[in-house]
Amino acid sequence: MAKKEEYHPLYEKVYLKRTYNRVVDTFILLLLLLLLCFRLISIKNTFNIPYFLAFLSESWFTFTWIVILNTKWNPAATKTHIQLLLQRVPDLPAVDLFVTTADPILEPPIITVNTVLSLLALDYPPNKLACYVSDDGCSSLNFYALFEASKFAILWVPFCKNYNVQLRAPFRYFSQSANTISQEDSLQFKQQWLHMKDLYDNLSRKIEDVTRDPNLLQLDGEYAVFSNTHPKNHPSIIKVILENKEAISDGVPHLIYISREKRPNHPHQYKAGAMNVLTRVSGLMSNAPFMLNVDCDMIVNNPKIVQHAMCILMDPKKGKEVAFVQCFQQFFDGIKDDPFGNQWVSAFEYIIRGMAGLQGPFYAGTNTFHRRNAIYGLYPHEMENDRKAGKISMQQFGSSKEFFKSAIGALEGNAYSSKQISPSNFIEEAIQVSDCAYENGTSWGKQLGWIYGSISEDVPSGLNMQRKGWRSEGCTPDPVPFTGCAPRGLISTMVQQKRWASGLTVVFFSKHSPVMCSLFGKVQFRSGLSYCWLTNWGLRSVFEVTYAVLPVYCIITNTNFLPQGLGLWIHIALAMIYYIHTLIEYLAIGLSIQHWWNNQRMSIIRTSILVLMMRLMLANSPLISHQFLW
């Protein structure tokens, strides 16, 4: 009898022991419950409006703390085994790379170019990669920058791989390596380094000159399609900038520029609409079984990140249930001690790692590897059984026969061979599937792809997959996979966080809320409860502001909202223990007291401003689609 082959996992989930945190978090919950009980007992003798509002707010704080305690209880990290992957899977699967940008003013083309160059230079077979850049602003500046960068990429990619460059975004590499070149480096390397530095400086200068003065760019030849276009009114524009026609394993990946059609009378569905167009166009041109999406300012910091993610997605047992792999967001240009509270270091370490120990972290909208089958609506059990290809209809996917054929191939596990891929052969069909009316009468944005109805498209899209029984996993290799640009000021920070808070509040009241997904789907109870930390973010500010204004109101009206006697001491002990505990958590992960203080201060500022914006959010009815809600 043949000996059964021993199973060696391609990745392991390591649960972190944080007994101290559990004990203190539980003690804080007991104090909160004790405070509520004391208020209920003494409510007959001290009842007034401020006292009642304080009770309501403290009840909400208690619920929020239960959510936090549940989320933090089982923190986990993943450990991947790349060598095992390469031994077992010598022919690595193809991966499509998505980069999204929308505004060349807020998102300068030189940043997008660096992100794209870092992706093209990944430590992965180039003939298995195809990079798609979605330009939702239909900017000739972005296309010019990518076109010029493609010439540089032909030299940059081999340079990175020949000399094992770690930072593969040129502006990061040259700014950090200028002081690290030593006498021990070979003469050839020094000459190559200087040559690449000169080429990049020239590229950067050309792009920044055109960005400052767009009139320098003549709209003829390749750029003629951008004449007479408006960011919100233009036809589909798809250009194959780089094409690895011979599928050379040491060449440069495909690079495709996409600007989907936009018309004033058609809703464009924000980033979710752009992601669905990228999914369809890539399905036609390369149809890779896995996809990575990043924002235009998230550069690759670990060139082996695709291999790390494949360890999770290709694991023969646990990997088949994973819909997406989320890499945590970190920033290379964050201001010291996080004065604007937008770097989220503590939240990722304690909250997101906690979610990773449950059904998996939420989809954060960037730095995420997706399984195409899951995006196409497949359920995990269908990966093993009949692959649903016989159950789908063309109406679900749209009128393109070529795309429907590629979708069936993806659902049946029949990916293109790298030698079959020739993106330029599918330009006509790609323009068809990127038209603004293509999705009419289809399942896109409902059951397929990224979910519509909220400007925070990432969370409902991730929940929709977990509702079907899929899991997600965090990917935390060393060095960190991606680093990005943090908002640099208070205004940009608040605009970003207002967008998140309003979009997440819409999700909480929709059919894609964690409550609905737990009751009527396969989202586990604890996982659904952990999502409430995220989706209740906007609502939290109402109770926090109410509690903050009670002292002022009580002074003016000569009333009192604080409990008396023992209840007051519970209140004081609770506040002291909470702040000391959070400070210790910050110090434990290497953050400073100033960092902690800045985050506490910004949480109050953020809360106050979000409350003022809640009315605008509720009044802005177009953001809240009736179809999305029910």
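Let's start in helix H17, where Thr493, Met494, Gln497, Ala501, Ser502, Gly503, Leu504, Thr505, Val506 and Val507 are buried. This helix covers residues 490-508, 19 residues in total. From its first C-alpha to its last, H17 reaches 26 Å, close to the 27 Å expected at 1.5 Å a residue. Please keep in mind throughout that this is a predicted model.

Strand E11 comes next, at residues 471-475. Five of its five residues are buried, so E11 is largely enclosed by the rest of the structure. Arg471, Glu473 and Cys475 point one way from the strand, while Ser472 and Gly474 point the other way, and all are buried. The partner here is strand E9 (residues 322-327), which runs parallel to E11 and is joined to it by five bridges. Within this pairing, cysteine 327 stands opposite cysteine 475 of E11.

| Residue | Location | Relative accessibility |
|---|---|---|
| Aspartate 96 | strand E3 (residues 95-101) | 1% |
| Aspartate 123 | loop between helix H5 (109-120) and strand E4 (129-135) | 15% |
| Leucine 463 | helix H16 (residues 458-467) | 0% |

Why does aspartate 123 count as buried? Its relative accessible area is 15%, and buried means under 20%, so aspartate 123 falls within that class.

The side chain of aspartate 123 also has a charged-residue partner to look up in the viewer: a polar contact of 3.2 Å joins it to the side chain of arginine 168. Leaving aside neighbours within four places in sequence, aspartate 123 is in contact with Lys161, Asn164, Arg168, Pro303, Lys304 and Gln307.

Aspartate 96 sits in strand E3 and is buried, with a relative accessible area of 1%. Which residues does aspartate 96 contact, leaving aside its neighbours within four places in sequence? They are Ala130, Tyr132, Ser282, Ser286, Asn287, Ala288, Phe290, Met291, Leu292 and Arg372.

**Leucine 463 and its contacts**

Leucine 463, in helix H16, counts as buried at 0% relative accessibility. Setting aside neighbours within four places in sequence, leucine 463 is in contact with His512, Ser513, Pro514, Cys517, Val523 and Tyr531. Phenylalanine 525 is 62 residues from leucine 463 along the chain, and 13 Å separates their C-alpha atoms.

Key: Residues numbered from 1 in each chain as written. Predicted model: local features only at pLDDT ≥ 70, side-chain atom pairs only at ≥ 80, totals over all residues. Heavy atoms only, no water. Helix = DSSP H or I, 4+ residues; strand = E, 2+ residues; numbered from the N terminus. Buried < 20%, exposed > 50% of the residue type's maximum accessible area, 1.4 Å probe, protein only. Polar contact = N/O pair within 3.5 Å; in protein donor to acceptor, adjacent residues only side chain to side chain. Contact = heavy atoms within 4.5 Å. Expected span 1.5 Å × (residues − 1). Pairing = 2+ DSSP bridges.
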